[in-house]
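Subject: Structure for you to look over

Dear colleague,

Here is the structure I said I would pass on. My notes on what turned up in it follow below.

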Amino acid sequence: MKVLKFGGTSVANAENISKVIAILQKESQKQNIAVVVSALGGITDALIKAGELATQKNEAYTTVFNDIRGRHLETIMSLMPKQMVNEVIKEIETKLQELQDLLEGIYLINELSNKTKDKLLSFGELLSSYIIAKALAQQVSDSLLKDSRALIVTDNLYTRANLITKQTYKNITDYFESHKKQIVILPGFVSRAADGTSTTLGRGGSDYTAAILAAALKADQLEIWTDVSGMYTANPKLVKQAFPIKEISYQEAMELSHFGAKVLYPPTVQPALQKNIPIYIKNTFQPEEKGTLIKNKSNNKYGPVKGISHIDNIALLTLEGNGMIGVPGFSKRLFSALSRGEINVVLITQASSEHSICVGVFAQDSKCAKKMVDEEFAYEISLKKIKPLLVEDQLAIVAVVGDNMKNHQGISGRMFRSLGQNNVNVRAIAQGASERNISAVIAHKDIKKALTTLHNRFFEKQVKTLNLFIVGVGNVGAILLEQIKKQQDYLIENLLLNVKVVGISNSKKMIFNEDGIDLNNWKSLINEGVPRSHESFFNAIKDLNLSNSIFIDITANDAVAKTYSDYLKESISVIACNKIACSSDYKSYIELKKLAKKYSASFLFETNVGAGLPVINTLNNLVNSGDKITSIQAVLSGSLNFIFNNFNENNSFYDVVKQAQEEGYTEPDPRIDLSGVDVARKILILARESGFEMDLKDIKNESFLPQDSLNSRSVSEFYKTLKSNASHFNELYKSATQNDCRLKYVAEFNNGKAKVSLKEVNKEHPFYNLEGKDNIVLFYTERYPDQPLIIKGAGAGAEVTASGLFADIITLGRN
């Protein structure tokens with residue numbers, strides 16, 4: 001025989017009940033079955049509400065009653081064949097009248113005792129079981145309804161009655177031996193005391209009813225049908241990658257259920273556990289799914305960790321003081337005080353120093369707990385032997401569960417390392433001697449991040465999700481988004497990196513999508529976005545609180561650069577195309593480096609020098625491997641290289657600069673490029689990355705521009721000075737030509753000093769044949785004293801700059 005139980009969502013309405021009946025028809029063809037049903041979804045809560053309103057002399061209870069009545073009548077009208085409707089409604093109306101009379105009585109006497117509450121709540125299952133049995137009878141004639149109160153006997157502890165096992169089991173076996181029906185429908189949750197009064201089995205009572213039946217009948221298996229396809233590796237509403245667990249042990253299921261997996265309420269399945277009856281968790285709405293099998297011992301091939309669960313709304317209570325050390329009895333008194341307040345302890349941890357004891361309780365119990373404990377230890381507190389109970393709220397517990405964890409080294413290490421890397425602070429830790437459960441108390445705001453991080457660590461194909469937040473979607477930013485879109489599938493398949501763009505901002509608006517912004521449609525989406533500011537963009541990222549968050553700055557904005565520290569302090573990595581932060585004052589630069597290290601974030605800025613060329617990465621590798629930089633020579637401006645490569649007797653300096661601006665090689669304001677400040681910033685960054693303390697004022701800038709060009713107040717005025725000073729620029733070209741040289745704007749660093757200047761380079765110099773917009777960097781080091789390490793390639797352009805940013809993203813993802 002098999003026992004099936006259907007919860008409230010499975011029988012919430014006529015459509016769902018029809019699905020249940022289809023399942024019962026199929027299952028009953030294999031063997032006889034006993035079926036336990038809950039009240040229609042939401043009805044138990046409605047009954048509680050009606051009772052409470054009636055107790056308060058609030059006539060709104062009648063409205064709630066009418067809603068209950070309407071739900072049941074609507075279900076009958078939709079479910080039953082026309083010829084059956086009147087008969088079923090007549091019986092239901094009789095029961096509803098009893099319910100109405102009971103509510104009126106509660107209203108009149110202004111009291112709702114536990115005894116009356118049990119009678120009130122029993123109507124939910126009694127009404128639903130009658131409707132379902134009548135509907136089923138139209139499809140399966142060999143079926144009947146049996147009132148569970150005639151079988152299940154309890155004591156008189158109303159609302160959470162204790163089972164009288166021997167009598168109950170005898171009643172059940174006697175009944176089923178004499179009624180060999182294909183299907184027997186029974187209401188869950190309800191029972192009866194020896195004196196005939198109605199009782200209920202408490203929280204999870206319908207599961208308990210089913211487990212009692214399964215144990216008494218020595219059923220082959222117990223199936224609990226709900227609205228999910230089994231017990232999941234994590235809450236699927238919070239962790240989208242969560243999947244059903246194929247097989248799990250009773251003990252593992254108990255642990256997961258205790259820590260918030262609401263599919264199962266542990267105490268209710270004890271009868272089935274004691275009889276070693278396998279339990280299946282199945283989905284009413286996807287009956288073909290296998291669901292989860294719960295049995296005595298699970299198969300270890302599914303890995304050491306079976307699931308990750310959590311309890312939210314936790315408060316941490318800490319009792320501490322020097323007077324506790326070496327004095328017996330403090331723990332007993334603490335738990336006795338909590339017990340008197342009927343406060344359930346969820347987690348316990350104590351330092352070996354005996355200086356403190358921490359316990360986790362539900363947040364709603366924290367005020368009562370403080371009152372009870374402070375009263376218990378009032379004398380010791382007055383003597384300052386111990387401190388008043390410390391209460392911390394807005395916390396949660398996450399738990400990693402698995403029978404086989406004790407046989408695998410490093411589970412706890414991997415757990416806490418993953419949490420730490422994602423800035424999830426752990427307030428307390430508890431682990432049982434069985435090593436079946438490792439629990440950590442964390443901030444409530446970090447629940448989703450913690451669950452996602454741990455699920456990724458223990459269950460996924462180690463596909464790492466990177467959540468990108470991009471500021472600046474002009475030319476370079478737009479190309480970067482296109483590159484990401486094209487490479488997303490490749491990165492998942494080959495590098496196990498899932499790159500999601502979660503936030504985008506331009507100078508006016510911003511958009512967010514936690515599942516990833518549609519990169520085919522981002523331009524129209526951002527036009528419909530919300531107004532942005534630096535603060536609002538940062539706050540939105542902080543509130544999302546996603547693991548592996550990366551802020552990417554593709555602007556030249558000083559205000560954006562000043563926000564980097566805010567991101568790093570939240571363990572949000574920063575990738576900067578913007579050179580301002582790394583070339584600002586030295587103390588700020590070092591502070592960003594320290595923050596990145598302190599908060600386990602990354603601060604990458606490869607594109608600050610050489611666009612997509614691996615200049616900074618190569619320099620870092622040299623320094624990290626113990627080499628010492630002695631000298632750097634470089635052409636670091638693709639814009640200036642383009643200008644001087646195209647400037648000749650046939651092209652005026654004015655025309656070439658204009659062409660460079662129109663083709664995007666210079667900034668909209670070409671003074672930024674031609675002043676040499678941009679190149680000075682780049683050599684400054686290379687000097688700092690080489691280990692030298694230096695500021696921008698220390699860089700000697702030998703400008704080739706005439707004074708009136710440097711003093712120009714606008715772009716148009718600047719261009720006029722280029723025309724009026726044509727002879728100055730022609731002389732520069734003529735001198736280089738006469739010396740059989742070429743003009744190159746060179747950055748130099750040597751012996752702790754740096755300068756940028758226009759130079760004439762001869763044919764033997766590596767810079768002579770540098771074409772177009774290329775950059776070149778020569779590193780002279782202790783290992784490369786004579787022949788430098790040379791990096792050469794395109795050093796300007798949106799495509800290569802975007803690819804440099806993309807390389808930083810991939811580097812960060814693979815760390």
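**Helix α13 and its surroundings**

Helix α13 (residues 411–421) has I411, M415, S418 and L419 among its residues, and these four are buried. Viewed down the axis of α13, the buried residues fall within an arc of 95°, so they line one face of the helix. An α-helix has 3.6 residues a turn, so residues three or four places apart point the same way. The partners against which the buried residues of α13 pack are β15 (390–401), β16 (426–431), β17 (437–443) and α14 (447–458). Just after α13, N423 takes a positive phi of about 60°. Please keep in mind throughout that this is a predicted model.

**The eight-stranded sheet**

Eight strands make up an open sheet of mixed pairing, in the order β3-β5-β2-β1-β8-β10-β11-β9. The edges are held by β3 (143–145) and β9 (247–249); each has a single partner strand, so one side of each is left without a neighbour in the sheet. From one strand to the next, the twist averages 20°.

Another helix, α7 (residues 205–217), lies across β1 (2–6), β2 (33–37), β5 (183–187) and β8 (221–226). Helix α7 runs at about 175° to β1.

**The six-stranded sheet**

A further open sheet has six strands in the order β26-β28-β27-β25-β29-β30, and its pairing is mixed as well. Here β26 and β30 (789–794) are at the edges with a single partner strand each, so one side of each lacks a neighbour in the sheet. Neighbouring strands of this sheet are turned by 20° against each other on average, direction ignored.

Strand β25 (residues 629–635) pairs with β27 in the antiparallel sense over four bridges, and S631 stands opposite N750 in β27. Helix α21 (residues 615–624) lies across β25, β29 (774–781) and β30, and runs at about 10° to β29.

**Aromatic pairs and charges over rings**

The count of aromatic pairs comes to 25. One of them is F644 with F704, an edge-to-face pair with 5.3 Å centre to centre and 70° between the planes. This pair links distant parts of the chain, 60 residues apart: F644 is in helix α22 (residues 638–646), and F704 is in the loop between β26 (699–702) and α26 (707–710).

F692 lies in the loop between α25 (677–689) and β26, while F749 is in strand β27 (residues 742–750), so the pair ties together parts that are 57 residues apart in sequence. Is each of these two residues buried or partly exposed? F692 is partly exposed, with a relative accessible area of 25%, whereas F749 is buried at 1%.

Elsewhere, one aromatic cluster is formed by F469, F512, F537, F538, F551, Y564, Y567, F603 and F605.

Two lysines are placed over tyrosine rings. K57 lies over the face of Y107, at 4.8 Å from the ring centre. The charged end of K658 sits over the ring of Y719, 4.3 Å from its centre.

**I76**

I76 lies in helix α3 (residues 61–79) and is buried, at 0% relative accessibility. Apart from neighbours within four places in sequence, I76 is in contact with V85, V88, I89, I92 and I131. The C-alpha atoms of I76 and A315 are separated by 45 Å, and these two residues are 239 apart along the chain.

Best regards

How values were computed. Residues are numbered from 1 along each chain as its sequence is written. This is a predicted model: local features need pLDDT of at least 70, side-chain atom pairs count only at pLDDT 80 or more; totals for chains, interfaces and linings use all residues. Side-chain values use heavy atoms; hydrogens and water are left out. Two strands pair if DSSP finds at least two bridges between them. Helices (H or I, at least four residues) and strands (E, at least two) are DSSP runs, numbered from the N terminus. Axes are lines fitted to C-alpha atoms, for helices over the stretch in contact, and angles run from 0 to 180 degrees between N-to-C directions. Contact means heavy atoms within 4.5 Å. Rings of Phe, Tyr and Trp (its six-membered ring) pair if their centres lie within 6.5 Å; planes under 30 degrees apart count as stacked, over 60 as edge-to-face and the rest as tilted. Buried means under 20% relative accessible area, exposed over 50%, partly exposed in between (1.4 Å probe, protein chains only). A charge sits over a ring if NZ of Lys or CZ of Arg is within 6 Å of the ring centre and within 35 degrees of the ring normal. The arc is that of the directions from the helix axis to the C-beta atoms.
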